[in-house]
Amino acid sequence: MTTQWIVGVALIGGFLAFGRLRTIGSVSPVQLPSGADTEPLADHPHGRDLTIVIPARNEEASLANLLGDLGIGRPIGSRVIVVDDHSTDHTAEIARSFDFVDLITAPDLPDGWCGKPWACHTGAADATTGRLMFLDADVRVDPGALDVVLEQHDRHHGIVSVQPWHQVIRAYEQVSALFNVIAIMGAGAGRPMPTGVFGPVIVTSVTDYQVCGGHAAVRDAVVEDLALCRRYQDDGRAVTVLGGHPSIRFRMYPVGVSQLVEGWTKNFATGAVSTSLRWLAVIFAWVTALLSITIQLVEQSIGRGDVPLWTTALLYIAAVVQLTVLFRRVGNFSVFAAVLFPLLLLFFFMTFACSVYRTAFRRTVIWRGREIPIRRHRSHVESES
């Protein structure tokens, strides 16, 4: 029974690792007047001197949705830049069809740069004052939602990040539930001192961005948002991470299972290395507890369980309840995803093993049709010529 108590304590550690994640809260609906389909409707000038940068590589499945949202809901006075990162689909044509968008084609990728940092750096180059907001192309925003994010930056300064609420539509997307929860844990998003920010929504002042070296300082980082967080913390700047809400949401991998596997393979092993050892140990214990319960279920099903059935059933129910709560904090994941967590856990371990293999041995990952080399990240402080 001692082992069962350890498993129970490890489950409690999951709540501690997740922390008290603050969300951006609800956003009051905006009444749209007739014909107002291309002008921002925010009722206060948060967007003055705001530059919104959207790095986009092969984003034809998502970009039009985001730009449509920004057409009616971007902060008043803001400028929107889409950086086409050598797309081979219709990304550039979609961006060009929105008259409020400035389209920039990223120059050829320089040696030592990863694609997303280069696109973000290119888009931010024209901003000399005010604030920068980086949005991933798969983000969706309701009118007024980005003003809430800017209000948080008014309050906290430094860098403010939001992990959008994960909108799930197709059945295969349910397997991302566990990844989302562990990502929140690993970044310390619900704790006072986060160790990472989330790339889909980032706000910072141009001054802070330039002083900290911007994306040039994290040019070779595959997971550039975690590296950018370290740059701000090393410089003594505030880091604030918020959870999403249906008013700021994304559908991470709408194309299919292969895209989902590519995305999590790219992010997870590198993210684990960036997590503090103390909290990495807690997360490891929590995942191990879920694995232990899974093993007990298998043993019970084949008649080889060495613990009472009621104990296994109680721990399984406790895990399902916990996962249901956590999954609902990060997206509209089904309760069946929690009930079937052993299958999610199997997929997680398979993907994580693939990520470790590509990160540690192949030293490359694949994303958006581009092979990205894994380098030992350095902090770059020199200015760009």
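Author: Rings of Phe, Tyr and Trp (its six-membered ring) pair if their centres lie within 6.5 Å; planes under 30 degrees apart are stacked, over 60 edge-to-face, the rest tilted. This is a predicted model: local features need pLDDT of at least 70, side-chain atom pairs count only at pLDDT 80 or more, and totals for chains, interfaces and linings use all residues. Residues are numbered from 1 along each chain as its sequence is written, and side-chain values use heavy atoms, leaving out hydrogens and water.

Reader: By this rule, how many aromatic pairs does the count come to?

Author: The count is 9 aromatic pairs. One of them, F98 with F100, is edge-to-face, at 5.9 Å centre to centre and 70 degrees between the planes. F179 and F347 are also edge-to-face, at 6.0 Å and 80 degrees.

Reader: Which helices hold F179 and F347?

Author: F179 lies in α6 and F347 in α13 (residues 341-362), so the pair ties together parts 168 residues apart in sequence. Helices here are DSSP runs of H or I, at least four residues, numbered from the N terminus. Both F179 and F347 are buried, meaning under 20% relative accessible area with a 1.4 Å probe, protein chains only.

Reader: How are two packed helices described?

Author: By the angle between their axes and the distance between the axes. Axes are lines fitted to C-alpha atoms over the stretch in contact; angles run from 0 to 180 degrees between N-to-C directions. Helices α6 (residues 176-187) and α10 (residues 277-301) pack at about 155 degrees, axes 11 Å apart. They are therefore roughly antiparallel, a label for angles over 145 degrees.

Terms used:
Helix = DSSP H or I, 4+ residues; strand = E, 2+ residues; numbered from the N terminus. Parallel < 35°, antiparallel > 145°, perpendicular 65-115°, else oblique. Buried < 20%, exposed > 50% of the residue type's maximum accessible area, 1.4 Å probe, protein only.
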